[in-house]
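Student: Please take one part of this model and look at it closely. I would like to follow how its pieces are joined, step by step.

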Amino acid sequence: MIKCIAIDDEPLALKQLASYISKVPYLELVASCKSAAEAKDAMKSNNIDAIFVDINMPDMNGLDFVKSLSQAPIIVFTTAYSEYAVDGYKVNAVDYLMKPFGLEEFKDAAAKVKKQHELMNAAVSAIDDDSIFIKTEYKIVRVDIAKITYVEAMSEYLRIHVEGQQKSIVVLLSMKKMEERLPSNKFMRIHRSHIINLKKIKEATKNHVMLEDGTELPIGDLYKENFLAYINSKFMSK
């Protein structure tokens with residue numbers, strides 16, 4: 001199932017959007033939100049695969065909301081204002097629904113979401129405990145898990161930094177899926193946008209980690225407790 005959030009400040013439009021989502025068998029509505037702030041709260045406690053979001057909303061519009069996310073899920077914009085169409089695609093939206101739209105139009109957009117979701121899920125596959133296959137730039141490459149230093153989120157894509165390689169590997173994949181592929185005893189998510197190889201840590205403070213190659217990364221508030229617990233477990237006792 002593709003977990004979704006519907007966002008629209010107009011109650012009737014939000015109700016219709018939720019109804020359309022319920023009619024597509026592979027979509028699961030996790031939350032209906034009247035604002036970007038509500039959506040952000042919902043995303044803190046749920047892993048979201050896709051967002052159907054209105055552009056013209058008070059406080060924070062849909063475009064600004066998506067741009068504010070360190071790693072955006074799959075995006076479909078809805079709006080009554082056609083001048084926003086080009087801007088919508090600037091943030092890698094898979095589709096753009098012009099209000100008023102019907103169920104068939106929505107199903108077409110949902111099909112694009114499904115296709116993108118399948119591509120993202122198929123981007124990385126495990127070979128064994130030591131290696132993974134990654135689909136990137138129209139080819140499949142084998143990567144030694146032990147040589148991955150850290151993974152960095154960039155909207156719908158990830159940048160995988162590998163020891164000994166000047167050029168990082170860019171892959172269409174979510175952080176959630178990458179976490180599932182990497183062994184949890186060797187890798188840890190320390191930020192919404194970063195997963196690190198625990199063996200590559202050189203120094204650590206309460207707010208930052210420095211890796212062996214000199215890369216300094218922030219520790220997010222949501223991940224701090226877990227990371228510090230790991231560090232404390234490695235202290236030598238008397």
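Predicted model: local features only at pLDDT ≥ 70, side-chain atom pairs only at ≥ 80, totals over all residues.

Tutor: Two strands pair if DSSP finds at least two bridges between them. Helices (H or I, at least four residues) and strands (E, at least two) are DSSP runs, numbered from the N terminus. Strand β4 (residues 74–79) pairs with β5 in the parallel sense, over four bridges.

Residues are numbered from 1 along each chain as its sequence is written, and side-chain values use heavy atoms, with hydrogens and water left out. The chain's average pLDDT (the predictor's confidence in each residue, from 0 to 100) is 88, and 91% of the residues score at least 70. Helix α4 (residues 85–90) has the lowest mean among the elements, 58, while β13 has the highest, 97.

Back to the sheet. It is open, with five strands in the order β2-β1-β3-β4-β5, and the pairing is parallel. At its edges are β2 (27–33) and β5, each pairing on one side only. On average, neighbouring strands are turned by 20° against each other, direction ignored. Such angles come from axes, lines fitted to C-alpha atoms (for helices over the stretch in contact), and run from 0 to 180 degrees between N-to-C directions.

Now follow the aromatic rings. Rings of Phe, Tyr and Trp (its six-membered ring) pair if their centres lie within 6.5 Å; planes under 30 degrees apart count as stacked, over 60 as edge-to-face and the rest as tilted. The whole structure holds three aromatic pairs. In one of them, the ring centres of Y20 and F101 are 6.0 Å apart and the planes meet at 55°, so the pair is tilted. Y20 belongs to helix α1 (residues 11–22), and F101 to the loop between β5 (95–98) and α5 (103–121), so this pair ties together parts 81 residues apart in sequence. Y20 and F101 are both buried. Buried means under 20% relative accessible area, exposed over 50%, partly exposed in between (1.4 Å probe, protein chains only).

Another pair is F52 and F106. Their centres are 5.0 Å apart with planes at 35°, so this pair is tilted as well. F52 sits in strand β3 (residues 50–54) and F106 in helix α5, so distant parts of the chain, 54 residues apart, are linked. F52 is buried, and F106 is buried too. Put together, Y20, F52, F101 and F106 form one aromatic cluster.

One more ring contact deserves a look. The charged end of K114 sits over the ring of Y26, 5.6 Å from its centre. The rule here asks for NZ of Lys or CZ of Arg within 6 Å of the ring centre and within 35 degrees of the ring normal.

Last, the cysteines. A disulfide is a pair of cysteine sulfur atoms within 2.5 Å. By that rule there are zero disulfides. C4 is in none: the nearest cysteine sulfur, that of C33, is 12 Å away. C4 has 0% relative accessibility, so it counts as buried. C33, at 2% relative accessibility, counts as buried too.
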